[in-house]
Amino acid sequence: MPRNLPKINKNKTLSSKSFKIALIQMSVGPDKTKNVAKAVTEIHKAKECGAHIVALPECFNSPYGTKYFDEYAEEVPSGVTCRALSRAAAEAGVCVVGGTVPERCGDKLYNTCTVWDGTGKLLAQHRKMHLFDIDIPNKITFKESEVLSPGNQLTTFEYNGVKIGIGICYDLRFPEMAHLMSKQGCSMLIYPGAFNTTTGPKHWELLARSRATDQQLWVALVSPARDTTAGYVAWGHSLLVDPWGSVLGALDETEGTLVHDVDLTVVEEVRSQIPIRVQRRTDLYDTIQKC
């Protein structure tokens with residue numbers, strides 16, 4: 001259940017200074033059609049709660065696992081899931097950050113997030129850059145690289161004057177990526193992700209607060225709900241962190257939706273009061289984008 005959930009004002013309009021975001025923590029099963037239908041339903045419910053931007057979790061249309069990616073993969077943006085997201089965004093009149101889907105492009109598979117504006121137009125497409133290859137003895141071993149290819153581009157988009165960056169799950173661990181998106185003018189970073197019950201309790205909130213504090217911006221993490229019968233058990237605990245590094249809202253491991261106001265004046269406030277962006281010693285070190 002969400003904590004610190006604000007009162008809903010359905011009549012509030014999106015501006016370049018504030019908006020309302022909804023993080024959809026949904027259960028994901030083996031039936032792709034049901035998963036997509038559930039996501040569409042939750043998008044419309046979020047609109048009724050006053051959301052302007054609605055974010056879905058990583059692999060919301062398929063179980064998470066290397067043995068599933070090929071079976072559930074589809075082309076972007078022509079696949080059935082993308083068409084459903086486009087329609088839902090247009091019908092609800094909201095921006096949809098479409099979690100991730102297994103994407104097929106030629107002979108390669110990617111873990112891909114699509115973003116749709118309020119008319120159903122594709123705004124952005126982010127392929128997970130850092131693949132989840134870990135080995136924690138007696139805990140978890142997982143290698144996305146056995147099946148997936150990495151993306152090679154940073155992804156940002158602008159919606160009603162708000163610039164937002166996209167990362168996917170393991171991308172969260174790389175502060176250089178967040179820094180470059182911040183340098184490009186982002187006031188918020190959204191990460192659909194599915195940390196597990198080993199790394200989740202150790203690092204999920206810690207990394208979200210670190211990226212928010214490092215870059216002095218808003219950070220949202222969106223997880224699937226936990227299913228203890230699944231082959232891969234997600235941590236859950238979708239959350240929203242402000243530029244001060246404070247968790248303003250969070251869910252537990254079960255299904256739910258976190259709806260919260262995002263006040264972009266806080267970004268300006270933090271950056272003016274603690275001006276690290278102009279204090280970096282770029283004469284000694286720097287972070288650069290190579291392509």
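This note walks through some features of the model in numbered points.

1. A word on the ground rules. This is a predicted model, in which local features need pLDDT of at least 70, side-chain atom pairs count only at pLDDT 80 or more, and totals for chains, interfaces and linings use all residues. Residues are numbered from 1 along each chain as its sequence is written, and side-chain values use heavy atoms, with hydrogens and water left out.

2. Let us start with the sheet. Six strands make an open sheet in the order β9-β10-β11-β12-β13-β14, and their pairing is mixed. The edges are held by β9 (155–159) and β14 (247–250), each with a single partner strand, so one side of each has no neighbour in the sheet. From one strand to the next, the twist averages 20°. Strands here are DSSP runs of E with at least two residues, helices are runs of H or I with at least four residues, and both are numbered from the N terminus. Two strands pair if DSSP finds at least two bridges between them.

3. Now look at β9 and β10. These strands pair in the antiparallel sense over five bridges, and Y159 stands opposite V162 in β10. They form a hairpin with two residues between them, where N160 in the turn has a positive phi of about 50°.

4. On to β10 and its next partner. Strand β10 (residues 162–166) runs parallel to strand β11 (residues 188–192), and three bridges join them. Four of the five residues of β10 are buried, which leaves the strand mostly covered. Buried means under 20% relative accessible area, exposed means over 50%, and partly exposed is in between, using a 1.4 Å probe and protein chains only.

5. Angles run from 0 to 180 degrees between N-to-C directions, and axes are lines fitted to C-alpha atoms, for helices over the stretch in contact.

6. How does α4 meet α5? The axes of α4 (residues 175–183) and α5 (residues 200–215) come within 10 Å and cross at roughly 40°. That angle makes α4 oblique to α5; angles under 35 degrees count as roughly parallel, over 145 as roughly antiparallel, 65 to 115 as roughly perpendicular and the rest as oblique. The crossing is right-handed, a term used if the near helix is turned clockwise from the far one by less than a right angle, with left-handed used if anticlockwise. P175, A178, H179 and S182 of α4 meet R211, D214 and Q215 of α5, where contact means heavy atoms within 4.5 Å. By class, this contact has two nonpolar, three polar and two charged residues. Ala, Val, Leu, Ile, Met, Phe, Trp, Tyr, Cys and Pro count as nonpolar, Asp, Glu, Lys and Arg as charged, and the others, Gly among them, as polar.

7. The contact is made by K32, V36, V40, I43, H44 and K47 of α1 with V80, T81, A84, L85, A88, E91 and A92 of α3. Those residues divide into eight nonpolar, two polar and three charged.

8. Please check some backbone details too. Most residues other than glycine have a negative phi, and most peptide bonds are trans. V76 and P77 are joined by a cis peptide bond, with omega about 10°; P77 is found in the loop between α2 (66–72) and α3. C59 is not a glycine, yet has a positive phi of about 50°. It sits in the loop between β2 (53–55) and α2 and is buried, with a relative accessible area of 2%. C169 has a positive phi near 45°. Its place is the loop between β10 and α4, and C169 is buried with a relative accessible area of 5%.

9. Finally, here is another hairpin. Strand β7 (residues 133–136) and strand β8 (residues 140–143) pair in the antiparallel sense over four bridges, with I136 opposite I140 in β8. Three residues lie between the strands, and N138 takes a positive phi near 65°.
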